[in-house]
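Colleague: I would like to go through this model with you, a few questions at a time. Please end each reply on what I asked for.

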Amino acid sequence: MKDRSRSQALWERSKRSLAGGVSSNVRASAQMSPFFERAEGSRLFDVDGNTYLDYVLGQGPMILGHTPEPVIQSVQQAIQRGQLYAGQHELEILLSEKLQQLIPCADLVRYSNSGSEIVQAAIRLARAYTGREKIVKFEGHYHGWFDNVLISVHPPLNLAGPRDCPQPVAASAGQATSVLDEVIVLPWNDLEAFGSVVSEHSEEIAAVIMEPVMGNTSCILPQSGYLEGVRELCSQHGIVLIFDEIITGFRLGLGSAQGYLGITPDLATFGKAMANGFPVSCLAGKRDLMELIASQQVNHAGTYNSNVMAMAAAFATLSELERNNGEAYNRLFTLGEQLMNRLDALAHKLGISILVQGVGPMFHLAFTRQEAVLDYRSYLECDQELYRQFTEMLLEEGVRTLARGMWYLSTAHTLEDIEFTLRAVEATWVRLLETNRLPAQK
Ligand code: PMP
């Protein structure tokens, strides 16, 4: 076992002043996690002197790895001249012009600080534009922690209703019950289910919001024809199509998921990889919608919106990603796909049934005999508790991954990192095999 005595002492101390010892429920865990004191490239360093190869990457944002020189330098230089003007500055325009060039749906943009916030702007705008109230969201998709969207993210099956027409389930104590009436919950990747709700409720539906690649439950790509079908139905019935690209934005390419998949939504939200760990989010949308914000019919505000640090970080991050025609993405896809294939091959060699699903820069690993996970309900059939134990054992080997199965790659990861990872995974799987709990191949 790695020595984590200093982390342990800090963990005990943190619980005495910080609710649950953490600042986000997403980080809450019965297990102590290491306390970090430094991060660089693909590595994290804890207070006990342990090093970890990091596939968590701040839950996705650190696409250039930790502490990338060009981003840090840009931010340092920019904030020497001021941090927050409550007024306009040129970096705002430079970034907005870049986003217009890169994002297919970005006729106009607006900034906030977090994903949760900017999703609210998208929903309000869709309601104002259509004069309708209801929002369609999908089981397993996450759109932030606010009342009207923290619904049916990972609902317990005994409350979730039938697969084809799920019950909206609130995820937190204290959520207003009225929000459940505003939302229609559907299984994702099921065009028939979407079509039948649209034919019944089209006059009430303001928007459909989705992660275009489902990154908060497994890593699920849209089935062939699904997004095309949803896009067409939305256009036919005047429903605003919102892509929540907080994870996929600038992770799947400079054009994000909409560019990668070739489907343009009416509105899209961005955050995470857009600014490599600095808090900034963005709403990008078609002109006729965004004009409602421009004309001030729709309110969107925020003291910290487009602060100097955020704009400098986003501009520098995107400039790095754009270098040599976006060559960084070739690296991310190649390296990620290599890791996915080699994990698969390793499992095969050891006779274990795993499922590696996704694309190079973001993928999901699960212990299951299923050939594919297509929605939330099939994700539930994966052995999540065993996977969580696997990630704890992997941490002991110096590799940090998310307990929910997602792996993120950065441009700082190398071929040597992949080799190191495979050795660590093999050591862990060999030990788990001795306990007879890993699913054997069919
Ligand atoms: N939408 C998606 C798709 C997300 O993954 C997240 C965060 N993981 C959010 C919205 C909320 O973003 P934030 O945590 O920055 O509020």
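Colleague: Into which domains is the protein divided?

Modeller: This is a predicted model, where local features need pLDDT of at least 70, side-chain atom pairs count only at pLDDT 80 or more, and totals for chains, interfaces and linings use all residues. Residues are numbered from 1 along each chain as its sequence is written, and side-chain values use heavy atoms, with hydrogens and water left out. The bounds come from an automatic or database domain assignment. They give domain 1 (5-67 + 325-434) and domain 2 (69-320).

Colleague: What area is buried between domain 1 and domain 2?

Modeller: Buried area is the accessible area (1.4 Å probe) that two parts lose on being put together, summed over both. Carbon and sulfur atoms give 62% of it here. The total between domain 1 and domain 2 is about 2900 Å².

Colleague: Which residue forms a salt bridge with D375?

Modeller: A salt bridge needs a side-chain nitrogen of Lys or Arg within 4 Å of a carboxyl oxygen of Asp or Glu. Between domain 1 and domain 2 the count is two. In the salt bridge of D375, the closest N and O atoms are 2.9 Å apart, and the partner is R163.

Colleague: How far from a nitrogen atom of the ligand does a polar side-chain atom of D244 lie?

Modeller: D244 is among the residues around the ligand (a heavy atom within 4 Å). For K272, a polar side-chain atom lies 2.9 Å from a ligand nitrogen atom. For D244, the distance from a polar side-chain atom to a nitrogen atom of the ligand is 2.6 Å.

Technical notes
A polar contact is a pair of N or O atoms within 3.5 Å; within protein, one must be able to donate a hydrogen and the other to accept it, and residues adjacent in sequence count only if both atoms are side-chain atoms.
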